[in-house]
Amino acid sequence: MNMQVLDARRDVGGGYKVDVSRGQRIGRVSSEWFSRPDDERYLSLGDLAQSVRGRSERSRTRVVESALIHVEASRNDSERLALILPGSDAPVTPTHWSFGQLAGQVGAPAAYLRQLPAPLAAINLQYGLSSHCAEQIKTLETDSGRLELRAVTGPDYGRIYDHELVEAVQKIAGNGTGDTRWKVPGVLDWSTGVYNPRVDITRDTTTLYASDRDVFLFLVDDLNPIEAGRLPDGSPDLYFRGFYCWNSEVGAKTLGMASFYLRAVCQNRNLWGVEDFEEISIRHSKYAANRFAHEAAPALEGFANSSPQSFVNGIKAARERIVARTDEDRSDFLRNRGFSKAETGKIIETVLAEEGRPPESIFDFVQGITALARDKAHQDARLDMEGKAKKLLDRVH
């Protein structure tokens, strides 16, 4: 079997013919794409880094005694509430997010407090702070024209700033616009099945996002396709490397990253034909910054600079590992791995329809299982099915 890493010169017609009926469909990037307003979309890593770094430079964090926090409310403005923190005379305005965190720290229902007039909400919140048994909280305050309280966490919260993640990505991806091999992805043309890696980066196509609560980045190496075997019609089965990562410096989510191989990205930023999906996450605990420096950042750089040969060899091994030659073998193989009689029939039928023959190899069965998983409406069922497919591949890698 001829397996090779192709170079950009093979991109003769401006795109690559791909088969997105294989592998998994991952919707995480699409969810981000749908939910982001224009002011959270960036056209380059440079612009994104400048924004989140500037925010960090205008911020400070400190640990304060919760009982010493004074809550102020204006009688003339029923919606205005501010805080006076110990050691400071200037009032700080909590954001929607940090108000919820502060209420949670003292055991108060944030949704209920938001419905009250500010003076009444202030009385309730002040009581909770005065009797707060945890005693200390860590604040993140940012001056953006007015002083805002962006986060309230426990004193041992291990903050990883958003700019630290973005700058780690910049080390391997530059501006993310094609100045290195890592870039904002192209678009799949559903009418032709051709994936075009060269599209203009606009607010509609970008995959670089940041809000006041988080950052999310998705990049691909889609000018350097990887051939891993052949499709039933004899054309190459092409993959691209990709990764996405995320963080929240205000405690809205963990820091994490996922690496994978994929066959295409559609206009809605769904990932199609995904294989070898791996994900790590780091909670913002006391030693989170050390874990980021010693685990996450090196893992990202390692994936970016690694050879795809182990992936190619794994696909080759899965294709060559014959596990069933008869209908009885096929049924037994799937039933022994926890698939129902109905699921077994659907998996075999799917492979027969797509390949023109019944499944024989580990790779055949994995493709049939992931195709069935895509049809599962319930996420837990879909993840369970995809997990079973991954276990099969792990046995031959």
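Arg269 is buried, with a relative accessible area of 1%. This residue sits in the loop between strand E17 (264–265) and strand E18 (271–282). The structure is a predicted model. Its chain has 12 helices and 18 strands, and buried residues make up 51% of the 397 residues.

**Overall build**

- Taken along the principal axes, the C-alpha atoms fill a box of roughly 80 × 45 × 40 Å.
- Of the contacts between residues at least 6 apart in sequence, 68% join residues at least 24 apart.

**Backbone angles**

- Most residues other than glycine have a negative phi.
- Arg269 is not a glycine, yet its phi is positive, at about 65 degrees.
- Asp276 is another residue other than glycine with a positive phi, near 55 degrees.
- Asp276 belongs to strand E18 and counts as partly exposed, because its relative accessibility of 27% falls between the limits of 20% for buried and 50% for exposed.
- Gly107, which follows helix H3, has a positive phi near 75 degrees.

**Salt bridges**

- How many salt bridges does a search of the whole structure find? The search finds 22.
- One of them joins the side chains of Arg55 and Glu249, with an N to O distance of 3.3 Å.
- Asp221 is buried at 1% relative accessible area, and Arg241 is buried at 4%.
- Asp364 and Arg357 meet through their side chains in a salt bridge of 2.8 Å, N to O.
- In this pair Asp364 is buried, at 5% relative accessibility, whereas Arg357 is partly exposed, with a relative accessible area of 32%.
- A network of salt bridges links Arg28, Glu32, Arg36, Glu40, Asp214 and Lys253.

- Which residues of helix H3 (residues 96–105) are buried? Ser98, Phe99, Gln101, Leu102 and Ala103 are buried there.

**Packing of helices H9 and H10**

- Two packed helices are described by the angle between their axes and the distance between the axes.
- Helix H9 (residues 327–335) and helix H10 (residues 341–355) have axes that come within 10 Å and cross at roughly 125 degrees.
- H9 is therefore oblique to H10.
- The crossing of H9 past H10 is right-handed.
- On the H9 side the contact is made by Arg330, Ser331, Leu334 and Arg335, and on the H10 side by Lys341, Thr344, Ile347 and Ile348.
- These contact residues divide into 3 nonpolar, 2 polar and 3 charged.

**Packing of helices H10 and H11**

- At what angle do H10 and helix H11 (residues 362–374) pack? The angle is about 110 degrees, and the axes are 8 Å apart.
- H10 and H11 are therefore roughly perpendicular to each other.
- H10 passes H11 in a crossing that is right-handed.
- From H10, Glu343, Lys346, Ile347, Thr350, Val351 and Glu354 meet Asp364, Phe365, Gly368, Ile369, Ala371 and Leu372 of H11.
- The residues of this contact divide into 6 nonpolar, 2 polar and 4 charged.
- Ile347 of H10 takes part in the contact with H9 and also in the contact with H11.
- Asp364 of H11 meets H10 and also forms the salt bridge with Arg357.

Technical notes. Residues are numbered from 1 along each chain as its sequence is written. This is a predicted model: local features need pLDDT of at least 70, side-chain atom pairs count only at pLDDT 80 or more; totals for chains, interfaces and linings use all residues. Side-chain values use heavy atoms; hydrogens and water are left out. A salt bridge is a side-chain nitrogen of Lys or Arg within 4 Å of a carboxyl oxygen of Asp or Glu. Buried means under 20% relative accessible area, exposed over 50%, partly exposed in between (1.4 Å probe, protein chains only). Axes are lines fitted to C-alpha atoms, for helices over the stretch in contact, and angles run from 0 to 180 degrees between N-to-C directions. Helices (H or I, at least four residues) and strands (E, at least two) are DSSP runs, numbered from the N terminus. Angles under 35 degrees count as roughly parallel, over 145 as roughly antiparallel, 65 to 115 as roughly perpendicular and the rest as oblique. A crossing is left-handed if the near helix is turned anticlockwise from the far one by less than a right angle, and right-handed if clockwise. Contact means heavy atoms within 4.5 Å. Ala, Val, Leu, Ile, Met, Phe, Trp, Tyr, Cys and Pro count as nonpolar, Asp, Glu, Lys and Arg as charged, and the others, Gly among them, as polar.
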